[in-house]
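Subject: Structure for you to look at

Hello,

Here is the structure I said I would pass on. Please open it beside this email and follow along.

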Amino acid sequence: ARDTELTTSIALDRAAARHALDLADRRISTHIGSDGSSPRERLSDAGVEMDGVREFIFQIQGEPENLAESALATWLAPFEGNGVLTEPATHAAVAFAPTEDGGYVGVLLLAQR
């Protein structure tokens, strides 16, 4: 995703939100949904097929209005081998869901069309 203009997708947004809510509800961090779904299957269920689907899961603390800023600071950190920056992608989506402890779980999806 480095130096690439990424496009949004409603289907990608839905897939990210579905998994963020699932993870927050179950209080775990895994790429497999409670229904056994993978990131690619959740995207397909949302109505679109894309290649190179990559999912990043993270926990974050902060106020809702600062979540995107905090997440971007982490994702775009200029350290060598930063997976988010080195993944090839044309589309991106992010979703946050509140956890019981007052934090948030976030799901970032990157995909290619």
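Among contacts in the protein chain between residues at least 6 apart in sequence, what percentage join residues at least 24 apart? The share is 64%. Keep in mind throughout that this is a predicted model.

Overall layout

The protein chain has 113 residues, and 42% of them count as buried. It contains 4 helices and 3 strands. Read from the N terminus, these elements follow the order α-α-β-α-α-β-β. The chain exposes about 6,400 Å², with carbon and sulfur atoms supplying 50% of that area.

As for confidence, the mean pLDDT of the chain is 83, and 81% of its residues reach 70 or more. Of the elements, helix 2 has the highest mean pLDDT, at 95, while helix 4 (residues 83-86) has the lowest, at 61.

Start with helix 1. Its 17 residues reach 24 Å from the first C-alpha to the last, which is close to the 24 Å expected at 1.5 Å a residue. The buried residues in helix 1 are A11, L12, A15, A16, H19, A20, D22, L23 and A24. An α-helix has 3.6 residues a turn, so residues three or four places apart point the same way. You can check that spacing on the list above. The buried residues of helix 1 pack against helix 2, strand 1, strand 2 and strand 3.

In soluble globular proteins, nonpolar side chains tend to be buried together. Here the largest nonpolar core has 18 residues, and the members that touch the most others are L12, A16, L43, M50, V107 and L109. Helix 1 (10-26), strand 2 (91-98) and strand 3 (104-112) each give this core at least two residues. Helix 1 makes the largest contribution, with 7 residues.

Leaving aside neighbours within four places in sequence, V107 is in contact with A16, H19, A20, L23, E55, F56, F58, A93, V94 and A95.

Take F58 from that list. F58 sits in strand 1 and is buried, with a relative accessible area of 15%. How far apart are F58 and V107, in sequence and in space? They are separated by 49 residues in sequence, and by 6.7 Å from C-alpha to C-alpha.

H19 is another partner of V107. H19 belongs to helix 1. Is H19 buried or exposed? H19 is buried, since its relative accessible area is 1% and the cut-off for buried is under 20%. Not counting residues up to four places away in sequence, H19 touches T30, H31, I32, G33, R42, E55, I57 and V107.

Salt bridges

Side chains of opposite charge can pair when their charged atoms come close. The whole structure holds 5 salt bridges, and three of them are described here.

One joins the side chains of R18 and D35, with N and O 2.5 Å apart. This pair links distant parts of the chain: R18 is in helix 1, and D35 is in the loop between helix 1 and helix 2 (39-45), 17 residues away. R18 is partly exposed, at 31% relative accessibility, whereas D35 is exposed, at 53%.

Another salt bridge is formed by R27 and E100, whose closest N and O atoms are 3.3 Å apart. R27 lies in the loop between helix 1 and helix 2, and E100 in the loop between strand 2 and strand 3, so 73 residues separate these distant parts of the chain. R27 is exposed, with a relative accessible area of 59%, and E100 is exposed too, at 68%.

The next pair is R42 and E55, with closest N and O atoms 2.9 Å apart. Which elements does this pair tie together? R42 lies in helix 2 and E55 in strand 1 (residues 51-60), so the bridge ties together parts that are 13 residues apart in sequence. R42 is buried, at 2% relative accessibility, and E55 is buried, at 10%.

Regards

Methods: Residues are numbered from 1 along each chain as its sequence is written. This is a predicted model: local features need pLDDT of at least 70, side-chain atom pairs count only at pLDDT 80 or more; totals for chains, interfaces and linings use all residues. Side-chain values use heavy atoms; hydrogens and water are left out. Buried means under 20% relative accessible area, exposed over 50%, partly exposed in between (1.4 Å probe, protein chains only). Contact means heavy atoms within 4.5 Å. Accessible areas come from the Shrake-Rupley method with a 1.4 Å probe; for residues, only the protein chains shown count as cover. A nonpolar core is a set of buried Ala, Val, Leu, Ile, Met, Phe, Trp, Tyr and Cys residues joined through side-chain atoms within 4.5 Å. A salt bridge is a side-chain nitrogen of Lys or Arg within 4 Å of a carboxyl oxygen of Asp or Glu. pLDDT is the predictor's confidence in each residue, from 0 to 100. The expected span of a helix is 1.5 Å times one less than its number of residues.
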